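Colleague: I would like to learn how to read a model of this kind, one feature at a time. Please give the general idea each time, then the case at hand.

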Amino acid sequence: REYMAPFNAFKAQVDEILAIIDEPIRIIDAQVKESERKAKEAKEKGIREYLSQVELPYGIEVEKLWNPKWLNASASHATVTSEISTRAAQIREDVKTLEELQEYQDYAIQRYKETLDLRQALGEAKRQKEWADARAKIEAERKAAEEAKKNKTETTKARKVQAYRLAQG
């Protein structure tokens with residue numbers, strides 16, 4: 001204990017000085033964080049105002065365009081608005097492409113509204129077409145089987161009648 005006494009006294013002095021230094025640092029840090037929070041809120045408000053002016057077809061929600069990176073200090077307002085405009089133009093072009101589909105357009109547009117992914121939307125239209133084709137094929141096969149069964153039954157009846165007539169003969 002005696003050996004550590006000078007060290008413990010020195011350590012207590014250092015801790016006291018560090019506490020004196022840390023208090024203003026905490027205050028400054030809190031102020032900086034509050035300032036950053038207010039700046040992000042102001043930036044978000046400006047971005048949301050710009051987004052509210054963007055019109056997208058088929059009721060596509062502009063909120064789907066939102067990118068949290070836009071709130072970073074490195075993202076300028078000009079860059080963000082340019083990105084929004086570019087993305088909105090791309091969405092309009094994608095929708096025009098989907099409108100050119102003759103069949104299953106509604107399914108494709110619905111998928112696009114959910115995902116904003118043209119490939120998925122086109123895939124959905126293709127999937128719906130394949131499903132409809134498969135249903136049509138199954139229905140045609142069922143009808144053909146029924147027709148064959150009917151023909152077989154009629155042939156069997158005709159043979160029986162012919163056999164009966166020959167027997168009566």
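Colleague: What should I know about the model before I start?

Modeller: This is a predicted model, in which local features need pLDDT of at least 70, side-chain atom pairs count only at pLDDT 80 or more, and totals for chains, interfaces and linings use all residues. Residues are numbered from 1 along each chain as its sequence is written, and side-chain values use heavy atoms, with hydrogens and water left out.

Colleague: How many residues does helix 1 have, and what span does it reach?

Modeller: Helices are DSSP runs (H or I, at least four residues), numbered from the N terminus. The expected span of a helix is 1.5 Å times one less than its number of residues. Helix 1 has 49 residues and reaches 71 Å from its first C-alpha to its last, close to the expected 72 Å. For helix 2, 23 residues should span 33 Å, and the end C-alpha atoms are 33 Å apart, so the two values agree.

Colleague: Which residues of helix 1 are buried?

Modeller: Buried means under 20% relative accessible area, exposed means over 50%, and partly exposed lies in between (1.4 Å probe, protein chains only). In helix 1 the buried residues are K43, I47 and L51. Their cover includes helix 2, where cover is judged by contact, meaning heavy atoms within 4.5 Å.

Colleague: And what do the buried residues of helix 2 pack against?

Modeller: They pack against helix 1, helix 3 and helix 4. The buried residues of helix 2 are V80, T81, I84, A88, I91, D94, V95 and L98.

Colleague: What does Q128 touch, leaving aside residues up to four places away in sequence?

Modeller: Q128 touches Y104 and Y107 on that count. Q128 lies in helix 4 and, with a relative accessible area of 15%, is buried.

Colleague: How many salt bridges does the count come to?

Modeller: A salt bridge is a side-chain nitrogen of Lys or Arg within 4 Å of a carboxyl oxygen of Asp or Glu. By this rule the count comes to 14. One of them joins E23 and R26, with the closest N and O atoms 3.1 Å apart. Another joins E34 and R37, with a closest N to O distance of 2.3 Å.

Colleague: Why are E23 and R26 separated by about one helical turn?

Modeller: Because E23 and R26 are three residues apart in helix 1. E34 and R37 are likewise three residues apart in helix 1, and therefore about one helical turn apart. E34 is partly exposed at 32% relative accessibility, and R37 is partly exposed at 38%.

Colleague: Which salt bridge links distant parts of the chain?

Modeller: The side chains of E63 and R48 meet in a salt bridge at 2.8 Å, N to O. E63 is in the loop between helix 1 and helix 2 while R48 is in helix 1, and the two are 15 residues apart. E63 is partly exposed, with a relative accessible area of 43%, as is R48, with 31%. There is also a network of salt bridges that links R111, E114, E124 and R127.

Colleague: Which residues make the nonpolar surface patch?

Modeller: Nonpolar patches are made of residues with over 30% relative accessible area and no salt bridge, whose side chains (Val, Leu, Ile, Met, Phe, Trp, Tyr) are joined within 5 Å; for like charges the limit is 9 Å. Accessible areas come from the Shrake-Rupley method with a 1.4 Å probe, and for residues only the protein chains shown count as cover. Here I17, L18, I21 and I25 make a patch of about 370 Å². I21 lies in helix 1, residues 5-53, and counts as partly exposed at 44% relative accessibility.

Colleague: Where in the chain is Y58, and is it buried or partly exposed?

Modeller: Y58 is in the loop between helix 1 and helix 2 (77-99). Its relative accessible area is 39%, so Y58 is partly exposed. The phi of Y58 is near 60 degrees, a positive value in a residue other than glycine. L116 also has a positive phi, near 55 degrees, and is not a glycine. L116 sits in the loop between helix 3 (105-115) and helix 4 (118-168) and counts as buried at 11% relative accessibility.
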